[in-house]
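Take a look at the structure before reading on.

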Amino acid sequence: MAFLAQIPVSLWALLLPAQGLLLKLAAGKAVAQASPTLWYLTRAMAVSSYVALTLSVLLGTLRAIARKASERLSWVVDELHQFIATLAGVLIVGHLLTLLLDPFLPFSLLNLLLPLDEPYRPTAVVIGVFSFYGMALLLLTSWLRRRLRYSWWRAIHYLSFVTFALVTAHGWLAGSDSGEPWMRAIYAGAASAIAFLILVRFFVGAPSAAQVQPR
Ligand code: HEM
């Protein structure tokens, strides 16, 4: 290292801007790694997806109730039901992508796709993986609805209630916002609104054979 002492001071001065840049880059990386942005994004997308899923299940149940009661609902309800369900799916992909990119959480792609060896709150996350399967199946069969037998599609579509219950359990157990009053209000509001519409649907009566024909 003695040769370093041979370098004139003026040359060291020339290197100063480069040193500053290197220091800034190193600090930037440290900030990026310590930044909680991805963590906030993961949670924001999870909660938005939960709200979208709830709205979609509510609109779908409303549609089923109207059908049972032989009432006609505007086509807007149908369109909104499908659009909001797709939005919930897109937001969930965001929830998973941000989890994958977050340097604080050691989630691998396999951890997200399979309910094995979860590195964080394993029981809650395994429930999340199963609810992800439920959402994927519901969206896929809805997009392919015209190609499926109506009775199959309908049977699979009942999974939406199970998926909603799984997602609620997952969010409640895994989420760091579960203790917050606003998040509790979202869970309570969503669960009671859906339970209420299921009850209404139950009491409206069974559909006649003509009513269960695909449109
Ligand atoms: C492979 C599937 C999934 C994995 C690995 C996963 C993972 C996680 C993790 C690690 C958390 C904790 C975040 C925190 O501390 O706040 C979380 C929270 C949450 N997740 Fe998931 N999740 C999955 C699927 C889903 C699905 C399908 C939904 C449906 C909407 C969902 C909704 C939520 C909600 C609402 C929270 C609570 C967020 C909060 O309290 O701020 N997750 N998830």
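The model is predicted. The protein has nine helices and zero strands.

**Overall fold**
- The protein has 215 residues, and 19% of them count as buried.
- Take the contacts between residues at least 6 apart in sequence: 70% of these join residues at least 24 apart.

**The pair H3 and H4**
- Two packed helices are described by the angle between their axes and the distance between the axes.
- Helix H3 covers residues 37-68, and helix H4 covers residues 75-101.
- H3 and H4 pack at an angle of about 155 degrees, and their axes lie 8 Å apart.
- Angles over 145 degrees count as roughly antiparallel, so H3 and H4 are roughly antiparallel to each other.
- The crossing of H3 and H4 is left-handed.
- In the contact of H3 with H4, 19 residues are nonpolar, nine are polar and two are charged.

**The shell around the ligand**
- Around the ligand there are 28 residues.
- Ala-46, Gly-128, Gly-171, Gly-175 and Asp-177 come nearest to the ligand.
- Four helices each supply at least two residues of this shell: H3, H4, H6 (122-143) and H8 (159-174).
- H3 gives the largest share, with seven residues.
- By type, the shell holds 16 nonpolar, ten polar and two charged residues.

Terms used. Residues are numbered from 1 along each chain as its sequence is written. This is a predicted model: local features need pLDDT of at least 70, side-chain atom pairs count only at pLDDT 80 or more; totals for chains, interfaces and linings use all residues. Axes are lines fitted to C-alpha atoms, for helices over the stretch in contact, and angles run from 0 to 180 degrees between N-to-C directions. Angles under 35 degrees count as roughly parallel, over 145 as roughly antiparallel, 65 to 115 as roughly perpendicular and the rest as oblique. A crossing is left-handed if the near helix is turned anticlockwise from the far one by less than a right angle, and right-handed if clockwise. Ala, Val, Leu, Ile, Met, Phe, Trp, Tyr, Cys and Pro count as nonpolar, Asp, Glu, Lys and Arg as charged, and the others, Gly among them, as polar. A residue is near a molecule or strand if its C-beta atom, placed from the backbone, lies within 6 Å of it. A residue is buried if 20 or more other C-beta atoms lie within 10 Å of its own, exposed if 12 or fewer, and partly exposed in between; C-beta atoms are placed from the backbone. Two residues are in contact if their C-beta atoms, placed from the backbone, lie within 7 Å.
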